[in-house]
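Biologist: Could you walk me through this one, please? I have not looked at it before, and I would like to ask things as they come up.

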Amino acid sequence: MRREPPPAVGTAVLWAALATGVLSTVLLDEGVGVNLFLVALPATLTAYFAARRAGRVQTRPWTLAWGIGGLALLSVPVLRAAQWPSFLAVATAIGLASLALHDSRTWAGVVLSPFGLVDSLFKGAAWGWRGVRARAGNASDNMGSVLRALAVTTVLLLVFGALFAGADAAFADLLNRLVPDTSVGDGPWHLLLFALGLLGALAAAHTAAAPLQWDRFTPSPGSARGRGEWALPLLLLCVLFAVFNVIQLTVLFGGYEAVLDETGQTYSEYARQGFWQLLIATLLTLLVIVLALRWAPRGGPGDRNLVRGVLGTLCALTLIVVASAVRRMDMYVEAYGLTRLRISVVTVELWLGLVILLIMAAGVRGARRLPRAVAASAAVGALAFGLASPDGLIAENNVRRYERTHKFDLDYARDLSADAVPALDGLEEPMRSCVLGPLAEELGPATASWYEISWGEVRARRILEERPPVTTGPGTCVGSGENFEYHR
């Protein structure tokens, strides 16, 4: 699966990798915002220069889609203050970067491409070091002049920058915001950030120049089964799905009261008990489809039509199961409100339904593009999930529920991020101050640099500055679970 070793590292690759390391140590000190996007730009150039030197630069639609999608995912930390959707977006962006570097097409390539970056981590460092040594030997006479020029430049900037900062407070404030604090105590941390940025860029460049060819890893197909042996279990499974779905459709169109009377369950218990089983059923159905395709009969057009018919029916019935699971979670949210776990699992269930639709389309149009289509759907889902502001949606849903039922989980709302402030700002007093007071204290003063702060945090600060929470008054907030009291 290995290509030939990459050519000697180019000068443009080394400069772009150095820029990535410098931006990492300057921008990634603390906080996440536009800094990740700024660091990713020279890292992307590093990979491009390496691929061009190796003769791999070809404008392929999927490669461009992976690269643009990865950079787009880095907009989530710019816009949202919540860390958990930002972490998902950054992890997905790394996965898309690995797909762009390897140009993988098969299931093995889509799944294993990130390991190619790990394989290139130390190889890329050694590759870059060899390039630096070669250039140092060829330009030893010019090294002294370069160092002297850098020293003079540093002295001039420090002296005149200090003078101008002492002469004008606005200029000093601008320097404090633009230039990071590089105290001696933080030296090891900044050195680690520099090493991570430099080594990461070199690993991407090495992968772009000589990627592992994961698409050559093709597992052998399973033994084909006879029609009866293969179809009988799946047909009976389809019958089971059909009976279950008929009951679900009956309940969905108004049969809740009768079901609850027969089972003795409450409305919320019925919803909670069913969702997790249906989620697991959806996942197991995907596994059944994978195994069924592996052992499907391959005798001719008749066998192909049988496989398409049986698996297409199973997929269609599974979509009803997905709809039932989503409806059950909707019932549970109506009873107990929306949380991060609930919105996350509903998103996963909806994505699994989309995967089933893609499988059905592949059964009609062919499965050659299916691995990349599934990867693209996951990336689009992660981007949409982050841009939708999950914490904001949670707050909006729970505020509407409070207006309807006068039930509100005060402790949970206080643990949300700054993205929830616009929705929580609509609460009536004293509930508004009880919720936003701790959030305002957690935000603290605006001391972060411009590149470390998200738009969600900026918007939350503006709201809290215009209408600050009431910190003093004749009463105190008491909240436990969904019970809220204001004691005077």
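Biologist: Is Asp 103 buried or exposed?

Modeller: In this predicted model, Asp 103 has a relative accessible area of 8%, so Asp 103 is buried, because anything under 20% falls in that class.

Biologist: And which residue does Asp 103 form a salt bridge with?

Modeller: The partner is Arg 105, and the closest N and O atoms of the two are 3.4 Å apart. Arg 105 has a relative accessibility of 38%, so Arg 105 counts as partly exposed, whereas Asp 103 is buried.

Biologist: How many salt bridges are there in the whole structure?

Modeller: A search of the whole structure finds eleven salt bridges. As background, side chains of opposite charge can pair when their charged atoms come close.

Biologist: Which residues are linked in a network of salt bridges?

Modeller: The network links Asp 425, Glu 429, Arg 432 and Arg 467.

Biologist: What is the accessibility of Arg 432, and of Asp 425 and Arg 467?

Modeller: Arg 432 has a relative accessibility of 1% and therefore counts as buried, and Asp 425, at 16%, counts as buried too. Arg 467 has a relative accessible area of 41%, so Arg 467 is partly exposed.

Biologist: Then which residues have a positive phi although they are not glycine?

Modeller: Ser 389 has a positive phi of about 60° without being a glycine, and His 406 likewise has a positive phi of about 60°. Ser 389 is found in the loop between H15 and helix H16 (390-405), and His 406 lies in the loop between H16 and helix H17 (410-414).

Biologist: Is Ser 389 buried or exposed, and what about His 406?

Modeller: With 6% relative accessibility, Ser 389 counts as buried, whereas His 406, with a relative accessible area of 60%, is exposed.

Biologist: Switching to helices, how do H3 and H5 cross?

Modeller: The axes of helix H3 (residues 61-73) and helix H5 (residues 83-102) come within 8 Å and cross at roughly 160°. Because angles over 145 degrees count that way, H3 is roughly antiparallel to H5, and H3 passes H5 in a left-handed crossing.

Biologist: What about H3 and H15?

Modeller: H3 packs with helix H15 (residues 370-387) at an angle of about 20°, their axes being 10 Å apart. H3 and H15 are therefore roughly parallel to each other, and H3 passes H15 in a left-handed crossing.

Biologist: Going back to H5, where is Leu 101 found, and is Leu 101 buried or exposed?

Modeller: Leu 101 is found in helix H5 and, at 11% relative accessibility, counts as buried. The C-alpha atoms of Leu 101 and Ala 204 are separated by 7.4 Å, although these residues are 103 residues apart along the chain.

Biologist: Last topic, the surface: which residues make the nonpolar patch?

Modeller: The nonpolar surface patch covers about 820 Å², and its residues include Val 152, Leu 156, Phe 160, Phe 171 and Leu 174. The elements that give two or more residues to this patch are helix H7 (140-167) and helix H8 (169-178).

Biologist: Which helix gives the most to the nonpolar patch?

Modeller: H7 gives the most, with seven residues. Leu 156 is found in H7, and with a relative accessibility of 45% Leu 156 counts as partly exposed.

Note on methods: Residues numbered from 1 in each chain as written. Predicted model: local features only at pLDDT ≥ 70, side-chain atom pairs only at ≥ 80, totals over all residues. Heavy atoms only, no water. Patch = residues over 30% accessible without salt bridge, like charges linked within 9 Å, V, L, I, M, F, W, Y side chains within 5 Å. Areas by Shrake-Rupley, 256 points an atom, 1.4 Å probe, with all protein chains shown as cover. Salt bridge = Lys/Arg side-chain N within 4 Å of Asp/Glu carboxyl O. Helix = DSSP H or I, 4+ residues; strand = E, 2+ residues; numbered from the N terminus. Buried < 20%, exposed > 50% of the residue type's maximum accessible area, 1.4 Å probe, protein only. Axes fitted to C-alpha atoms, helices over the stretch in contact; angles between N-to-C directions. Parallel < 35°, antiparallel > 145°, perpendicular 65-115°, else oblique. Left-handed = near helix turned anticlockwise from the far one by under 90°.
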